[in-house]
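Subject: Structure handover

Hi,

My notes follow below it.

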Amino acid sequence: LAFCRGRIVRVPKGPLIRVMGTEVGIPCSVSDYDGPSEQNFDWEFSRETDFMRIVSTWDSTFTSEEYQKRVGHGDIKLRRSSNDAVELVIKNIQPTDQGTYKCSTPSTDATVQGNYDAEVQVKVISDGLSVSGSKARSSTSLRLSEGDSFKLRCSAVTTSPEHTHLHVTWQIKSGSTWRDILSLTHEGKFQPGPGYEERYRNGDIRLDTGANDTYRLSVSQASSVDGGAYRCLVSEWVRGADNSWQKIQEKSVEIANVAIQRTDVVISTSNVSVTERDSLDLTCNITTDRSGIFQAELMWYFSASPDDTLSDAQVLLSMDHDSVVSDSTLISLSHIDRNSYRLLVRDVDVEDSGYYYCQAAIWVPLHNGSWHKVVERTSAPVSVVVTALEPDYEVSLNASKTPKFSDDPTELNCRITNVQDTEANIRFTVSWYYRQRLPGDDVMTEELLAMMDADWTLLLGDRSRERTQNGEIIFSKKTADTFSLRIQWTSESDRGDYFCVISAWSRHRNNTWVKSKDVTSASVSIFWATQDYTLTVEAVKLKPFFVAGHTFEMTCKVSSKNIKTPRYSVLITAEKPLTDQSSPNGTTRIISLNQDSVVRLEDWTDQTRVDGVVLEKVQENEFRYRMYQTQISDAGLYRCVVTAWSPGGGGMWREAVNGLSNPIQIDFQTSGPVFNVSVHSDNPTIYQGELADLLCIVTTEGMALEP
């Protein structure tokens, strides 16, 4: 196979049909060339004679005298689109411009290959396109109501000698920009503009052709976006030699200016405040300039939040376009005038506070007697606040029992006084609060102890929950106007300020209870002066000296201060020498006696002396410890560990303070005189039944023994 490669210059396939008086652009490009990327171009023209030079991209002297004026005025120019392509632009083309155009490229190739020029024929035809409004005069003005329908017409006809097609587009001007609404293309297809696709599918936007070459735009359900200037844009197309469609000219005419009067729905009053049991009066106004026959459909909505959608809102009342109103006992709807509708809510309740909406729709009659909804609007929400009828009362708090010591009872009474203007539909509940006293200027924190619901269900706070469940704290209602808080055994952590809040609740139409008022009492301080507990324990050894095998005895005497009716528990411990492996940590718990005088052996493990240790209560504050048959292994330091207990809640004992006695030492004497002991018999061998004579001999060194 052999491959040929060379420069290729291209122009469109002719003939190119163009309309007199229009601007014409003839493109020319080059490919497969050598040399610099930016190529130069020369254009020439022939009317079946020699070619005349028109314009060049690189030679300013290239232009023939015949074209110098038009090139100099910019009526003919070159427009470069890329390094390898330009377009010859001829403004206001005339029949004298009909002929053959040649595009040439000077060679930059190393070898001459391919074609260096290309020709195209241009045919100039007369302008046969005519575009006009329906009445062949300037644009008209239309003033319409929202939801109306309207039609606009334009006429477009061509007398072109060539077989051309028309492309008709209806446009609307938004600001300074024209936007396509709907087109009938030169290929006979309908094409909706951006944003109009759904309305076209629904049939609200139509384009119809009629007699006398008219094109009619029909718009149904007009809205505010349909207001503006309308024009009819017509372009003429012809099929080229390459079978592609080419637009040869375009004309437009403004048809009408359309103004759409918006229909608004407004509630006449802004934010409203009414008192409980009064009536709420709201008026919904429909603003429209519609003068023909129409009926309004109305619906009132209520929502607790302005952010709720209508699907989440409650329908209060509705009226259809036949003026049929839905039934309601306390709510009524009346027609004040042609465009105003009044909502009346009688005997309002606090629960009627919220946001009210009015939704209105306009219906118009059709020629067949049916009704058609043309527009629907919803008002902005109006805030309605219903102020509760507050009862008038006062609250006092006093302490019927105050503690002097820990574990004493506390009782507080919260009383409702000076009650006025209360109805049978009012009930009272109480909430109890505790406020801890903090040092200096620190902010005191409040803690909820308990609160009552409208049905008198008691809700406990974290601080009091466990003690209330154990019966240590009691909340009660003594009388119709008195609530009580009782702490059975007050602890130091209960010291602080207490106050109560009496809440008034009103019963509404649906038998629900809504809080209408809170009144807070003055605080009552629960406090008593405390001094630190003190405990002193003294251990005394009753026998100053004893030897192994004798009984060890010591007493522990206890004295305390600032403890209410104390009792004591005692634990005897021994600190053994580090060489004693029976207690690796050096301390052994021997025997204990609790505050109820119950004795327990702790770590005493000598099975041969199970009854060898005794701990007993001598007096209320004196305890005695005995150890029988002492052994060398019992040596060590002995102490009394005493715990003072005070009466706690529910008959329980509460640990107050611990004390440790001085040590008492058991130390057996191991140094003394040196002596030897031996056994001797003069006759070690004897017969059964004979008398054995044994002698025990003690010998000393430097010491005389008494008999």
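Strands and helices here are DSSP runs (E for strands, at least two residues; H or I for helices, at least four), numbered from the N terminus. This is a predicted model, so to speak of local features we need pLDDT of at least 70, side-chain atom pairs count only at pLDDT 80 or more, and totals for chains, interfaces and linings use all residues. Residues are numbered from 1 along each chain as its sequence is written, and side-chain values use heavy atoms, with hydrogens and water left out.

Two backbone points

Pro-15 sits in the loop between β1 (8-10) and β2 (16-19). The peptide bond from Gly-14 to Pro-15 is cis, with omega about 0°. Asp-213 is in the loop between β16 (205-210) and β17 (214-219). Asp-213 is not a glycine, yet its phi is positive, about 55°.

Overall form

The chain has 51 strands and three helices. Its radius of gyration (over C-alpha atoms) is 58 Å. A compact globule of 707 residues would be near 27 Å, by the rule of 2.2 Å times the number of residues to the power 0.38. Along the principal axes, the C-alpha atoms fill a box of roughly 180 × 95 × 55 Å.

Domains

The division is domain 1 (7-125), domain 2 (129-261), domain 3 (265-387), domain 4 (392-526) and domain 5 (534-666). These bounds come from an automatic or database domain assignment.

Domain 3 against domain 4

Their centres, over C-alpha atoms, are 46 Å apart. Ten residues of domain 3 contact eight of domain 4 (heavy atoms within 4.5 Å). The two domains bury about 620 Å² between them, 35% of it on carbon and sulfur atoms. Buried area is the accessible area (1.4 Å probe) lost on putting two parts together, summed over both. Arg-277, Asp-349 and Glu-351 supply 60% of what domain 3 buries against domain 4, more than any other three residues.

How many salt bridges are there between domain 3 and domain 4? The count is zero. A salt bridge means a side-chain nitrogen of Lys or Arg within 4 Å of a carboxyl oxygen of Asp or Glu.

Salt bridges in the chain

The total count is 32 salt bridges. One of them pairs Glu-44 with Lys-102, the closest N and O atoms being 3.7 Å apart. Glu-44 is in strand β4 (residues 42-46) and Lys-102 in strand β8 (residues 99-104), so the pair ties together parts 58 residues apart in sequence.

Best wishes
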